[in-house]
Amino acid sequence: MDLKNHENNLRIIGKIFIVIGLILVPISISTFFFVDMFVESDLWMEIRELDVVLFELRPPSGIAYFLPTIQTIGAIIFLASGYGLATEQSWGKKLAIVPAVLLLFKFPIGTALGGYMIYAIHYVPKEEQVVNGDELAS
């Protein structure tokens with residue numbers, strides 16, 4: 001992998017992160033609406049009144065918003081790191097580690113993509129490849 005291909009790979013990874021982030025945005029918005037409907041339902045009231053052996057369980061309704069909040073934070077991280085990589089910002093490579101590690105848990109395709117992305121982000125071209133890349137550009 002030479003320097004030019006490495007920079008192109010990072011830009012492509014950035015664009016992939018942006019697409020994943022854009023896919024997560026409507027999912028997290030719809031999850032907020034679903035949780036809103038669920039918290040107002042009779043089922044949630046029955047869950048809140050659940051008696052477990054010796055004590056009563058009364059979960060707060062705010063705990064139901066945990067998942068959509070995490071999804072929204074994930075979408076923001078994917079979008080921000082994708083923008084950083086696509087525009088070759090110095091902070092983009094550091095932030096891109098987070099979504100790459102998150103992809104590792106999405107077996108099997110996410111694991112392969114996440115592993116490759118971590119490798120590409122940490123890849124440092126050798127000295128002779130940098131010189132050859134500069135010679136090819138001129």
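The model is predicted: local features need pLDDT of at least 70, side-chain atom pairs count only at pLDDT 80 or more, and totals for chains, interfaces and linings use all residues. Residues are numbered from 1 along each chain as its sequence is written, and side-chain values use heavy atoms, with hydrogens and water left out.

**Overall organisation**

The protein has 7 helices and 2 strands, in the order α-α-β-β-α-α-α-α-α from the N terminus. Helices (H or I, at least four residues) and strands (E, at least two) are DSSP runs, numbered from the N terminus. Of the 138 residues, 25% count as buried, where buried means under 20% relative accessible area, exposed over 50%, and partly exposed in between (1.4 Å probe, protein chains only). Among contacts with a separation of 6 or more, 62% join residues 24 or more positions apart; contact means heavy atoms within 4.5 Å.

**Helix α3 and its surroundings**

Helix α3 (residues 66-86) has 21 residues and reaches 30 Å from its first C-alpha to its last, close to the 30 Å expected at 1.5 Å a residue. The expected span is 1.5 Å times one less than the number of residues. The buried residues of α3 are P68, G74, A75, F78, S81, G82, G84 and L85. S28, in helix α1 (residues 3-39), is in contact with P68, Q71 and T72, leaving aside its neighbours within four places in sequence. A64 is placed in the loop between β2 (55-56) and α3. A64 and V39 are 25 residues apart in sequence, and 7.4 Å apart in space, C-alpha to C-alpha.

| Residue | Relative accessible area | Class |
|---|---|---|
| S28 | 4% | buried |
| A64 | 16% | buried |
| V19 | 46% | partly exposed |
| E88 | 47% | partly exposed |

**Nonpolar core and surface patch**

The largest nonpolar core has 12 residues: L10, I13, F17, I20, F78, L85, A96, A100, L103, M117, A120 and I121. Helices α1, α3, α5 (97-103) and α6 (109-122) each supply at least two residues of this core, and α1 gives the most, with 4 residues. Such a core is a set of buried Ala, Val, Leu, Ile, Met, Phe, Trp, Tyr and Cys residues joined through side-chain atoms within 4.5 Å. Leaving aside its neighbours within four places in sequence, L103 is in contact with F17, I20, F78, G110, T111, G114 and M117.

V19, which lies in helix α1, makes a nonpolar surface patch of about 250 Å² together with I23 and I27. An α-helix has 3.6 residues a turn, so residues three or four places apart point the same way.

**Backbone exceptions**

Most residues other than glycine have a negative phi, and most peptide bonds are trans. E88, in the loop between α3 and α4 (90-95), has a positive phi of about 55° although it is not a glycine. The peptide bond from F107 to P108 is cis, with omega near 0°; P108 is found in the loop between α5 and α6.

Terms used
Patches are made of residues with over 30% relative accessible area and no salt bridge: like charges are joined within 9 Å, nonpolar side chains (Val, Leu, Ile, Met, Phe, Trp, Tyr) within 5 Å. Accessible areas come from the Shrake-Rupley method with a 1.4 Å probe; for residues, only the protein chains shown count as cover. A salt bridge is a side-chain nitrogen of Lys or Arg within 4 Å of a carboxyl oxygen of Asp or Glu.
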